[in-house]
Amino acid sequence: MRLIAYVGIGSNLDDPVAQVQEAFEELDAIPDSVLVSRSSLYSSKPMGPADQPEYVNAVAAIDTLLSPEDLLTALRRIEDRQGRERGGEKWGPRILDLDLLLYGKKKISTADLTIPHPGMHERDFVIIPLAEIAGNLTIPGHGSLQTLIRQCENHAVKKLITGK
Ligand code: ROI
């Protein structure tokens with residue numbers, strides 16, 4: 001069955017705007033999947049250690065036939081191709097982070113995969129771009145996106161480039 005998966009995109013190294021734009025192209029090229037919407041690009045203050053560059057964040061919606069595990073593998077391959085280095089500081093800077101945020105309306109909890117992505121509901125750099133492409137969404141276990149946005153305290157995200 002086809003369903004919509006949402007992917008959070010973040011970068012703060014090596015021309016983050018270009019990294020995010022390239023990630024959108026790569027997401028569109030995942031087998032058995034089509035990129036159906038892309039949010040605007042936002043700049044956001046780093047969550048975690050403050051001594052790192054600001055992030056560029058965005059969210060993509062993908063119509064997919066892949067299982068969540070296969071989709072996660074595809075996301076990791078894209079991170080690797082764009083030069084992501086693993087094993088650095090826990091919340092340190094990164095070339096590209098692709099997080100599987102939502103997979104249809106499913107809740108998943110395995111060793112490799114927790115969906116909805118833990119913490120997404122309280123991260124303004126995730127829920128603001130997500131609301132732009134899916135305003136009426138409910139996050140399983142956390143309620144409506146609009147309510148979550150109202151509860152998010154300081155909106156430290158700034159629109160950089162309007163999406164399509
Ligand atoms: N902070 C922001 N603003 N955006 C991110 O995408 C992001 N990603 C991360 C950590 C290091 C937690 N901080 C972030 O992985």
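Predicted model: local features only at pLDDT ≥ 70, side-chain atom pairs only at ≥ 80, totals over all residues.

**Reading the model together**

Biologist: Where does Arg84 sit, and is Arg84 buried or exposed?

Modeller: Arg84 is found in the loop between helix 2 and strand 5. Buried means under 20% relative accessible area, so Arg84, at 18%, counts as buried.

Biologist: Which polar contacts does the side chain of Arg84 make?

Modeller: There are two to look at. A polar atom of the Arg84 side chain lies 2.8 Å from the backbone oxygen of Leu96. The side chains of Arg84 and Asp97 are joined by a polar contact of 3.2 Å.

Biologist: Let us move to helix 2. How do I check the length of a helix?

Modeller: Compare the expected span with the distance between the end C-alpha atoms. Helix 2 runs over residues 68-81, and at 1.5 Å a residue its 14 residues should span 20 Å; the end C-alpha atoms are 20 Å apart, which agrees.

Biologist: Which residues of helix 2 are buried?

Modeller: They are Pro68, Leu71, Leu72, Ala74, Leu75, Ile78 and Glu79. These residues cover an arc of only 160° around the axis, which puts them on the same side of helix 2.

Biologist: Why would residues spaced like that point the same way?

Modeller: An α-helix has 3.6 residues a turn, so residues three or four places apart point the same way. On the face of helix 2 turned away from the buried side you will find the exposed residues Arg77 and Arg81.

Biologist: What covers the buried residues of helix 2?

Modeller: The cover includes strand 1 (3-11), helix 1 (16-28), strand 4 (55-64), strand 5 (97-103) and strand 6 (108-109). Take Leu72, which lies in helix 2 and counts as buried at 11% relative accessibility. Leaving out residues up to four places away in sequence, Leu72 touches Asp112 and Leu113.

Biologist: Now for backbone angles. Which residues have a positive phi?

Modeller: Glycine is one place to look: just after helix 2, Gly83 takes a positive phi of about 90°. Asp14 has a positive phi near 55° and is a residue other than glycine. Asp14 lies in the loop between strand 1 and helix 1 and counts as exposed at 52% relative accessibility. Asp32, not a glycine either, has a positive phi of about 55°. Asp32 lies in the loop between helix 1 and strand 2 and, at 48% relative accessibility, counts as partly exposed.

Biologist: And which peptide bond is cis?

Modeller: Look at the bond from Ile115 to Pro116, which is cis with omega near 0°. Pro116 lies in the loop between strand 7 (114-115) and helix 3 (124-133).

Biologist: Finally, the ligand. Which residues surround the ligand?

Modeller: The ligand is surrounded by Gly10, Ser44, Lys45, Pro46, Met47, Tyr55, Asn57, Trp91, Arg94, Asp97 and Phe125. For polar pairs, look at N and O atoms. A polar backbone atom of Lys45 is 2.8 Å from a nitrogen atom of the ligand. A polar side-chain atom of Asn57 is 2.8 Å from an oxygen atom of the ligand, and one of Arg94 is 3.2 Å from an oxygen atom of the ligand. On its own the ligand has 350 Å² of accessible area, and the protein covers 94% of that.

Conventions:
Residues numbered from 1 in each chain as written. Heavy atoms only, no water. Helix = DSSP H or I, 4+ residues; strand = E, 2+ residues; numbered from the N terminus. Expected span 1.5 Å × (residues − 1). Buried < 20%, exposed > 50% of the residue type's maximum accessible area, 1.4 Å probe, protein only. Arc of directions from axis to C-beta. Contact = heavy atoms within 4.5 Å. Near = heavy atom within 4 Å. Polar contact = N/O pair within 3.5 Å; in protein donor to acceptor, adjacent residues only side chain to side chain. Areas by Shrake-Rupley, 256 points an atom, 1.4 Å probe, with all protein chains shown as cover.
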